[in-house]
Amino acid sequence: MTSRNQTLTSTTKSEWIKFRSVRSSVMGFIVFIVLTIGLGILITAVIRNHWSHSLPADRLTFDPVTTSLAGTIFAQFAVGVIGVLFISSEYSSGAIRTTLAAVPNRFRLISAKLIVLVVSMFVVSEIVCFSAFLIGQAIYRGVVPTASLSSGVVLRTVILAGVYLTLLSVLGFGIGLILRQSAASISTFASLLLVLPLIIFFLPESWQNSITKFEPSAIGREMMSTSPPSQLFGAWTGTMLLIIYVAVVMCVGMALMQRRDA
Amino acid sequence: MLKIDHLTKHYSDTLAVDDLDFEVKPGVVTGFLGPNGSGKSTTMRIILGLDRPTKGRATINGQNYADLKAPLREVGALLDAKAVHPGRTARNHLRALAASNQIKMSRVEEVLDFAGIGSVANKKVGGFSLGMSQRLGIAGALLGDPGVLLFDEPVNGLDPEGIRWIREFFRSLAKEGRTVFVSSHLMSEMAVSADQIIVIGRGRFITQGSVDDLTATAKGTVFVRASDAAALSSVLVTQHAVVEEVNDHGLSVSGLTSDEVGTAAFAAGITIFELTPERASLEDVFMDLTADSVEYGATNLGTIHDE
């Protein structure tokens with residue numbers, strides 16, 4: 001007979017049931033998939049149609065990988081919201097008390113939620129990013145230069161696009177864990193991606209060049225480009241930096257979770 | 001068994017629970033009684049490890065809640081019936097709970113039927129009435145077939161039929177040897193559903209005992225109707241009674257037994273027409289016990305009219 005004690009496996013199983021049984025996560029994934037693939041199709045089709053009129057300079061910097069993944073710029077908000085709601089909805093509904101009564105070990109609870117979020121998000125993100133890439137190249141074929149997954153850099157870029165989206169959803173989750181309110185968490189998440197670049201834009205140009213590469217959305221450009229501009233970090237440095245950001249936010253959230261009353 | 005051990009809880013500036021210390025024994029229904037805001041829910045939350053006590057601890061069979069290997073198998077609790085994700089169906093809510101404590105999925109169907117919500121199991125919880133939510137909460141509490149059960153104001157939102165059902169349900173749980181701990185702010189409710197009662201007010205322990213114990217300790221009054229009520233009143237006052245005029249010939253006397261009132265009247269040569277000892281009702285006892293500790297008390301109506 002198996003042990004009837006709680007384990008990380010049993011908690012993860014429970015969180016998986018919870019994750020897939022609410023509309024917010026299901027809808028979030030649908031929006032995410034439609035945005036990324038749909039916008040990818042739209043953008044690559046427009047580029048194909050205008051390719052004959054495009055300037056030589058534009059053709060020189062054209063990146064068939066990045067452009068086919070352009071939908072992720074919008075999708076990053078969808079994945080962030082999925083991450084935020086996975087924890088903040090527990091607090092807004094009061095369900096966290098039922099959850100913690102069933103699983104009093106808070107570290108195990110959050111670990112189980114993270115496993116569910118990271119695994120499901122990574123699988124879906126990679127499928128979506130590879131689909132967007134392949135569809136984009138199919139649309140380009142014959143007119144616009146295309147990229148192939150047989151190239152190591154191209155493969156890396158498509159994989160890192162999925163990693164970027166997964167990390168952003170965890171960032172949303174961490175913010176939700178700290179703030180415990182859906183609206184506040186979602187606006188904070190959006191501000192990090194949208195408002196931070198605006199603030200940096202108003203700084204002196206010399207500062208801009210040294211700061212920009214640290215902001216999350218710039219890290220996204222670093223990770224999803226076959227050849228990032230010289231003033232930005234390389235793809236792997238950017239990935240490491242984003243992992244550190246997410247880890248710090250998660251550690252703060254976990255420390256607060258351990259201390260606060262539910 | 002549930003043990004509350006010198007429990008104290010401060011929230012930033014309020015003292016919610018003040019050195020509570022008592023035991024809840026198995027086999028009986030124990031009522032946890034106190035006015036609103038007296039610290040009942042806080043105590044329940046601390047028992048479940050949701051809030052951290054400032055001092056002291058609460059243990060279940062000698063263990064902290066957080067140390068239980070599979071808490072739902074040892075403690076079933078219904079704190080807030082609406083504390084479920086509104087977008088999830090009742091069945092999925094229970095399935096998630098069952099999975100977390102390695103409880104068989106067939107048990108979910110059993111408790112759904114037992115609580116009488118089997119027919120709405122696939123409906124979203126957000127659309128449930130308070131009564132249906134209470135039933136879902138009860139189903140969740142029973143999921144792990146636990147030996148200790150906690151219910152915070154379970155009668156709220158139930159219709160009369162549901163109230164009767166839940167009272168019998170508490171009794172049957174206790175009869176099976178389980179520890180049943182039920183909070184309420186209604187003395188009348190506790191009087192019919194609990195065997196033992198623990199009374200608190202402003203976070204402090206006030207008294208504990210069976211329903212009969214509590215009414216016995218309370219001082220009753222004596223109603224007396226006499227030929228000369230005014231004379232009798234002045235005689236009784238000298239014997240340290242508190243006397244209140246009820247009507248022309250009637251007095252309500254507290255602080256003396258009916259025997260003492262009769263003897264005093266005979267000694268003073270006053271004829272007694274009626275002498276009735278009036279036992280305090282449970283409601284009176286409760287009001288009496290918690291009079292000083294009602295946090296949101298209404299002001300005396302008389303003083304409002306005076307202005």
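A polar contact is a pair of N or O atoms within 3.5 Å; within protein, one must be able to donate a hydrogen and the other to accept it, and residues adjacent in sequence count only if both atoms are side-chain atoms. By that rule, chain A and chain B share 17 residue pairs in polar contact (both at pLDDT 80 or more). This is a predicted model, in which local features need pLDDT of at least 70, side-chain atom pairs count only at pLDDT 80 or more, and totals for chains, interfaces and linings use all residues. Residues are numbered from 1 along each chain as its sequence is written, chains are lettered from A in the order in which they are written, and side-chain values use heavy atoms, leaving out hydrogens and water.

**The interface**
- On the chain A side, 30 residues are in contact (heavy atoms within 4.5 Å) with 34 residues of chain B.
- About 2600 Å² is buried between the two chains, with carbon and sulfur atoms giving 52%; buried area is the accessible area (1.4 Å probe) that two parts lose on being put together, summed over both.
- A:R4, A:R97 and A:D261 supply 21% of what chain A buries against chain B, more than any other three residues.

**Salt bridges**
- Two salt bridges cross the interface, each a side-chain nitrogen of Lys or Arg within 4 Å of a carboxyl oxygen of Asp or Glu.
- One of them links B:K9 to A:D261, whose closest N and O atoms are 2.8 Å apart.

**A look at A:S88**
- You will find A:S88 in helix α5 (residues 72-93) of chain A; helices are DSSP runs (H or I, at least four residues) numbered from the N terminus.
- Beyond its neighbours within four places in sequence, A:S88 is in contact with A:R180, A:Q181 and A:S182.

How values were computed
Helix = DSSP H or I, 4+ residues; strand = E, 2+ residues; numbered from the N terminus.
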